[in-house]
Amino acid sequence: YGQRILGEFTGVVRDGSEGAIANAMVTATDEATQRKWSTTTNTEGVYRLGSLPPGTRYSLAVEASGFK
C-alpha cells in the first residue's frame, strides 16, 4: 500500500467575548487553484478540515449567522 501525506486545519471559532460559535461555516481555499474545502463547527465551535494537499498556500474564511 502506498502512503499519502495530507494536511489539515483544526481550530475553534469564538466571538469577541470568547464564546464558541456553533454551526459556523469554515472554508479553506487553495490560493493557487481556488479549490475549496468546507466544514461546519460543532457546538463547542471546533472545526477540522482534513485531507488537504500539502505544499500549497491556503486562506481560511469563516461565516456565521449574525456576524460580519
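Hi everyone, let's start at L52: setting aside neighbours within four places in sequence, L52 is in contact with L6, G7, E8, F9, W37 and Y58. Contact here means heavy atoms within 4.5 Å. Before going on, a word on what we're looking at. This is a predicted model, so local features need pLDDT of at least 70 and side-chain atom pairs count only at pLDDT 80 or more, while totals for chains, interfaces and linings use all residues. Residues are numbered from 1 along each chain as its sequence is written, and side-chain values use heavy atoms, with hydrogens and water left out.

Now to the core. L52 is one of the 11 residues of the largest nonpolar core, together with V13, I21, A24, V26, A28, W37, Y47, L49, Y58 and A64. By nonpolar core I mean a set of buried Ala, Val, Leu, Ile, Met, Phe, Trp, Tyr and Cys residues joined through side-chain atoms within 4.5 Å. Buried is under 20% relative accessible area, exposed is over 50%, and partly exposed is in between, using a 1.4 Å probe and protein chains only. Which strand gives this core its largest share? That would be β4, with three residues. Strands β2 and β4, the latter spanning 46-52, each supply at least two residues of the core. The strands are DSSP runs of E, at least two residues long, and helices are runs of H or I of at least four; both are numbered from the N terminus. As background, nonpolar side chains in soluble globular proteins tend to be buried together.

Next, the aromatics. How many aromatic pairs does a search of the whole structure find? There are two. Rings of Phe, Tyr and Trp, taking the six-membered ring of Trp, pair if their centres lie within 6.5 Å; planes under 30 degrees apart are stacked, over 60 edge-to-face, and the rest tilted. F9 and Y58 have ring centres 5.7 Å apart and planes at 85°, so they are edge-to-face. This pair links distant parts of the chain, with F9 in strand β1 (residues 7-12) and Y58 in strand β5 (residues 58-63), 49 residues apart.

With 12% relative accessibility, W37 counts as buried. Put together, ring pairs link F9, W37 and Y58 into a cluster.

Let's stay with F9 for a moment. Not counting residues up to four places away in sequence, F9 touches A28, Y47, R48, L49, L52, Y58 and L60. Take R48 from that list: F9 and R48 are 39 residues apart in sequence, yet their C-alpha atoms are 5.8 Å apart in space.

R48 brings us to the charged side chains. The structure holds three salt bridges, where a salt bridge is a side-chain nitrogen of Lys or Arg within 4 Å of a carboxyl oxygen of Asp or Glu. R48 pairs with E8, with the closest N and O atoms 3.0 Å apart. E8 belongs to β1 and R48 to β4, 40 residues apart, so to speak a link between distant parts of the chain. E8 is partly exposed, at 44%.

Another salt bridge joins E18 and R14, at 3.9 Å from N to O. E18 is exposed at 54%, and R14 is partly exposed at 44%.

Then there is R57 with E31, at 3.7 Å from N to O. Where do these two lie? R57 is in the loop between β4 and β5 and E31 in the loop between β2 and β3, so the pair ties together parts 26 residues apart in sequence. R57 is exposed at 63%, whereas E31 is partly exposed at 39%.

One last stop, T29. T29 is found in strand β2 (residues 25-30), and it is buried, with a relative accessible area of 8%. Leaving aside neighbours within four places in sequence, its contacts are Q34, R35, K36, R57, Y58 and S59. Thanks, everyone!
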